[in-house]
Amino acid sequence: MFAVQLTVPAGAAAPSGEAAAAEAQAALWACAAPDDGLEHVRARAVPEGVGLVLYVRAANEAAARSRARNLLARALPAAVRPPSGRR
């Protein structure tokens, strides 16, 4: 199991602070499938937005990061959209 740290930028989730952290955590669990290997999620408000640590079962760290990013893209699509003007 690997710990993958990610940050959801402020503004990517509608509410701020701890409410955004709780919503991000709930969205990740709601979208997680067995193939994602998600074991545990820690979410907290940080100055940049929401700090996440996803504990993911995978064969190696690269696979864990890939699974975590794919799950984040499904659960919080606004968090992975390119900034305006960049496509």
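**Sheet and helix packing in a predicted model**

Strand S3 is mostly covered, with seven of its eight residues buried, where buried means under 20% relative accessible area, exposed over 50% and partly exposed in between, using a 1.4 Å probe and protein chains only. This is a predicted model, in which local features need pLDDT of at least 70 and side-chain atom pairs count only at pLDDT 80 or more, while totals for chains, interfaces and linings use all residues. Residues are numbered from 1 along each chain as its sequence is written, and side-chain values use heavy atoms, with hydrogens and water left out. Helices (H or I, at least four residues) and strands (E, at least two) are DSSP runs, numbered from the N terminus.

**The sheet**

- Three strands form an open sheet in the order S1-S3-S2 with antiparallel pairing, two strands being counted as paired if DSSP finds at least two bridges between them.
- Strand S1 (2–9) and strand S2 (38–46) stand at the edges with a single partner strand each, so one side of each has no neighbour in the sheet.
- From one strand to the next, the twist averages 20 degrees.

**Strand pairs**

- S1 and S3 run antiparallel and are joined by eight bridges; Thr7 has Gly51 in S3 as its bridge partner.
- S2 pairs with strand S3 (residues 49–56) in the antiparallel sense, over eight bridges, and a hairpin of two residues joins S2 to S3.
- Within S3, Gly49 stands opposite Val46, and Tyr55 stands opposite His40.

**Helices on the sheet**

- H1 lies across S2 and S3 and runs at about 160 degrees to S2, with axes taken as lines fitted to C-alpha atoms, for helices over the stretch in contact, and angles running from 0 to 180 degrees between N-to-C directions.
- H2 also packs on the sheet, where H2 touches S1, S2 and S3, and its direction makes about 35 degrees with that of S1.

**Helix against helix**

- Helix H1 (residues 17–31) and helix H2 (residues 61–75) pack with their axes 9 Å apart, at an angle of about 105 degrees.
- H1 and H2 are therefore roughly perpendicular to each other, a class that covers 65 to 115 degrees, whereas angles under 35 count as roughly parallel, over 145 as roughly antiparallel and the rest as oblique.
- Ala27, Leu28 and Cys31 in H1 meet Leu71, Leu72, Arg74 and Ala75 in H2, contact meaning heavy atoms within 4.5 Å.
- The residues of this contact divide into six nonpolar, no polar and one charged, with Ala, Val, Leu, Ile, Met, Phe, Trp, Tyr, Cys and Pro counted as nonpolar, Asp, Glu, Lys and Arg as charged, and the others, Gly among them, as polar.
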